[in-house]
Every structure is written in structure tokens, then in C-alpha cells.
Amino acid sequence: MSLKSRVEVSSRSVISQRWALLLCLGSFCAGMFFTTRMWSIPEPKGLARPTTSEAEKLNLLSEGCNSRILQEMEMKRETRDIYREAFKSHNSVETLDKTIANLEMELVTARAAQESIRSGAPVPEDIRLNESSGKRKYLMVVGINTAFSSRKRRDSLRETWMPQGEKRKKLEEEKGIIMRFVIGHSATSGGILDRAIEAEDRKHGDFLRLNHVEGYLELSAKTKTYFATAVNLWDADFYVKVDDDIHVNIATLGETLARHRSKPRIYMGCMKSGPVLSQKGVRYHEPEHWKFGESGNRYFRHATGQLYAISNDLASYIALNQDLLHKYANEDVSLGSWFIGLDVEHIDDRRLCCGTPPDCEWKAQAGNICVASFDWSCSGICRSSERMKEVHRRCGEGENALWSATF
């Protein structure tokens, strides 16, 4: 091949390489141009920035959540609102209950005061002071059931476990314990029997006179009147009924009741369920025996009559409903019947019905001091006016126990 031919071939080769290079550069630029136009995201214009709640919903949607989750969140929010309203309603109901209870107590007070005015019954001086200056709160009111013929029994208690004079006032002021002999009036009001009680009261000042005609067959009515009168005169946690022929350790009784102070509707005593006696002429005969079913049936559970205690709310219930409460022949049965159908806690404490020495003495030596002692065979201490000092000496808690006790 000639030199000229070689030069021409070489020249064409150089030119083709340059065009190849230019074509490559052009293709690269064209590719970059078209790639940018196809994948660029237009800038949003005129769109408002989403709020926090909208952002949360967008996030939920972006995570694959659907509308059911949003509905569940809304239901939870509504449930919280319902609980909040229910709590407010519960508080309102509790406040209303307290208001109703206070109004019921005021109604009881007004009724009892009206009855006292009608009957002309004397109101003790300390009660008048309490009414004028506002009632204080007591631990318990101990009403000792007594009769016109029981002067010796009353004196035996005054000489043993019932404080007298300044000590009785100190007991009320420092320990919050009220103690009174409870008695009504004779069938001939103002007669010799009533005058004898009035003279005894002027000497000792330890009676609670009831608007009630005394009589053994009227003990149920007397019990009802006692609780209604006592809850009107004194605001106490407990109201106790005691017979005048049993021995009582007052400090032990106070400590026993104080343990149940925070509980509602307390009915305490030695619970029993004796037979319903349909035979006429026997002691504790039940004229309405047919109400208790077949012959040989037993009574419902109730506290024995020598000593029992009820809380303030139950005493107020009796006072408010005394005209409606039925009276059975036996007062302890009557009291138990008044609480049937109520949400009442029956507390059976056998220390409230210990026997006389040696029973109560052995228990005292063992450190388990009895609240009350009596003889079951006599439904009280047999010949109590003669034996009370002996029982007190052997089974009493000691005078210092009362003044050192804290309730």
C-alpha cells in the first residue's frame, strides 16, 4: 500500500474515534437530562402543614393501621369519660346519703323533743346544757333497767361497779361513758312510787326517766322507748342495755365495744336461739308462737336480755320507726326481730355472759376478764343485792382499770 493510502486510512481512524467520543458524551448527557425529568418530585405548593393529630393519623396509616384502630382509640377515650362521670356521681350519692342520715337524726330529735313536751317529762340539767351548746360525742350510754321495787339492787350497784358523784361526772367527761338507771312512771303518775324515785334521783342524780308505764309485760315497749330517748339525749357510738342484777366490768365493756367503733350496724351480745314456748302459764310464754311455725320450733338468733349493745345507727333506726316495730312478749326477742331484714352484723361475745364465781374468777386469773357475770338459773345474779359485793371482789377488774383505760 502506498504512503498516501496509509495517511488517508489513519486520518479516517482518528476522525471516527473523535466522533465516537462525542457520541458517548452526548448519550451520557442525554441520559442525565431525561433521567432527571422523569424522577424529580414536584415541590408541593399551597399545602398547609399538617397538625399534630393529623400527623399522628398519617403515621398510623403509614404503619399499616386502618380505621378500626382509630375507632378503638375513640372508644377508649369515651370509656375514660364515662368512668370520670361515674366517679363524680358516686361521690354525689355518698354526700346525699350523709345528708339524708343527718336529716333523719334531726327528725328523731324533733320527734323525741315533741313527745317530751307533750308528756311533761323532766329534762336533766346536763342535757339542757348539751342542747344549748351542741352535743359532744360519747363512747357509750349504759342504761340499767330497773323497777320501783329494786332499790336494794340499785344500791348494790352504786356500792360496786357504778361510779357515783364526782367520779360519775369524771367518767362522762374523760371517758365518754354515760350511766343511768332507766325507769318510767307508775300507772298513777305522780303517786307514791314516782315520788320515791324522784327523791332517790335528787340524792344520786343517776336516773333516766322515760315516758313509759312500768310493768313486766311492757319490757319490749320500755326497751324501744329507752333507745329512742337515749339516742335523742346523747350522741354516742353505742347504746347498752343492762339488767340491774348482773355484774359488769365497765372498762372491759368499753374496750370491747371500742374495737368495733368503725363498723356500721353492730348488734352485740351473747347470741342464743331458745325454744318458742307455746304452753300457757310457763315463764317466757310466747302468745304469738304460731308465727314461728310448728310446735317445738326455735327463735331466730338474738342476744340474751341480761346485756346487749347496739350501734348508733341501729338505735336511730329504732327511734325513727318505733311506731311500726312489733313488740313480742319477750324484749330480747323483740329487739332481735327489729333487725331481721337489715344488714346487721351480729357479734356473739361469750365474755358478756360469764357465770358467777368461780367461773368469772378463774377467767380473770387467766387474764380473760369477763364483761358481765350472772347466774343462768336466775337470769341474773341470784340474791344479787346480797352477793354483788362478793362477785365484784372476786371478778371485778379493779377501779384503776377504768381510769387507766383508753378507748
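This is a predicted model: local features need pLDDT of at least 70, side-chain atom pairs count only at pLDDT 80 or more; totals for chains, interfaces and linings use all residues.
Residues are numbered from 1 along each chain as its sequence is written, and side-chain values use heavy atoms, without hydrogens and water.

**Backbone features in loops**

- Most residues other than glycine have a negative phi, and most peptide bonds are trans.
- S379 has a positive phi, near 55°.
- The loop holding S379 runs between β9 (372-373) and α13 (384-395); helices (H or I, at least four residues) and strands (E, at least two) are DSSP runs, numbered from the N terminus.
- Y284 also has a positive phi, near 70°.
- Y284 sits in the loop between β6 (266-272) and β7 (302-311).
- P357 and P358 are joined by a cis peptide bond, with omega about 15°.
- P358 belongs to the loop between β8 (345-348) and α12 (359-365).

**Packing of α8 and α11**

- Helix α8 (residues 219-233) packs on helix α11 (residues 331-338) at an angle of about 55°, and their axes are 8 Å apart.
- Axes are lines fitted to C-alpha atoms, for helices over the stretch in contact, and angles run from 0 to 180 degrees between N-to-C directions.
- L219, S220, T223, K224 and F227 of α8 contact E331, S334, L335 and W338 of α11, where contact means heavy atoms within 4.5 Å.
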